[in-house]
Amino acid sequence: MTKDLRKRFGEQARELREKLGLTQQDIANQMGIRQTDLSAFENHGEKIGSIERLNALFECLGHELGVQEKKTSLNCA
């Protein structure tokens, strides 16, 4: 996963968390991760772990990750 994509996910996670009125520490405690790792993910797109952990984060926020078809050419370098 590219850093740009992680950064977008991080920004979305922060927006969802704030809408729920939760702190980074609330989510970190629930997930068993460090608050500083969640902060680095939300603010800078730093790696938060596996795709399973990313999915667990969004589940904590009441959402799920999904795949959506994108109209593009087959040049997937």
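**Entry 1: a starting residue**

I began with glutamate 46, which counts as partly exposed at 34% relative accessibility. For my own scale, buried means under 20% relative accessible area, exposed means over 50%, and partly exposed is in between, using a 1.4 Å probe and protein chains only. Before going on, I noted that this is a predicted model, where local features need pLDDT of at least 70 and side-chain atom pairs count only at pLDDT 80 or more, while totals for chains, interfaces and linings use all residues. Residues are numbered from 1 along each chain as its sequence is written, and side-chain values use heavy atoms, with hydrogens and water left out.

**Entry 2: the overall layout**

I looked up the elements next and found 4 helices and 0 strands in the chain. From the N terminus on, they run α-α-α-α. Helices (H or I, at least four residues) and strands (E, at least two) are DSSP runs, numbered from the N terminus.

I then boxed the C-alpha atoms along the principal axes and got roughly 40 × 20 × 20 Å. Of the 77 residues in the chain, 27% are buried. I also checked contacts, meaning heavy atoms within 4.5 Å. Among the contacts with a separation of 6 or more, 57% come from residues 24 or more positions apart.

**Entry 3: salt bridges**

How many salt bridges does a search of the whole structure find? I found 3. The rule I used asks for a side-chain nitrogen of Lys or Arg within 4 Å of a carboxyl oxygen of Asp or Glu. Side chains of opposite charge can pair when their charged atoms come close.

Back to glutamate 46: its salt-bridge partner is lysine 3, with the closest N and O atoms 2.9 Å apart. This pair links distant parts of the chain, since glutamate 46 sits in the loop between helix H3 (35–44) and H4, while lysine 3 is in helix H1, 43 residues away. Lysine 3 is partly exposed, at a relative accessible area of 40%.

Next I looked at glutamate 42 and arginine 17, whose side chains meet in a salt bridge at 2.8 Å, N to O. Glutamate 42 lies in helix H3 and arginine 17 in helix H1, so this pair ties together parts that are 25 residues apart in sequence. Are these two buried or exposed? Glutamate 42 is buried, with a relative accessible area of 2%, and arginine 17 is buried as well, at 8%.

I also looked up arginine 34 and aspartate 37, which form a salt bridge with the closest N and O atoms 2.9 Å apart. Arginine 34 counts as exposed at 54% relative accessibility, and aspartate 37 as partly exposed at 28%.

**Entry 4: an aromatic pair**

The structure holds 1 aromatic pair. Phenylalanine 9 and phenylalanine 58 make it, edge-to-face, at 5.9 Å centre to centre and with 65 degrees between the planes. Phenylalanine 9 lies in helix H1 (residues 3–19) and phenylalanine 58 in helix H4, so the pair ties together parts that are 49 residues apart in sequence. Both phenylalanine 9 and phenylalanine 58 are buried. My note on the rule: rings of Phe, Tyr and Trp (its six-membered ring) pair if their centres lie within 6.5 Å, with planes under 30 degrees apart counted as stacked, over 60 as edge-to-face and the rest as tilted.

**Entry 5: around H4**

Which residues of H4 are buried? I listed Leu54, Leu57 and Phe58. Seen down the axis of H4, these buried residues fall within an arc of 90 degrees, so they line one face of the helix. That arc is taken from the directions from the helix axis to the C-beta atoms. The buried residues of H4 pack against H1, helix H2 (24–31) and H3. On the other side of H4, I found Glu52 and Glu59 exposed.

Helix H4 covers residues 51–60 and includes isoleucine 51, which is partly exposed at 49% relative accessible area. Just after H4, glycine 62 takes a positive phi of about 80 degrees.

**Entry 6: the segment after H4**

My last stop was glutamate 64, in the segment after H4. Glutamate 64 counts as exposed, at 67% relative accessibility. Its C-alpha atom is separated by 15 Å from that of glutamate 11, 53 residues apart along the chain.
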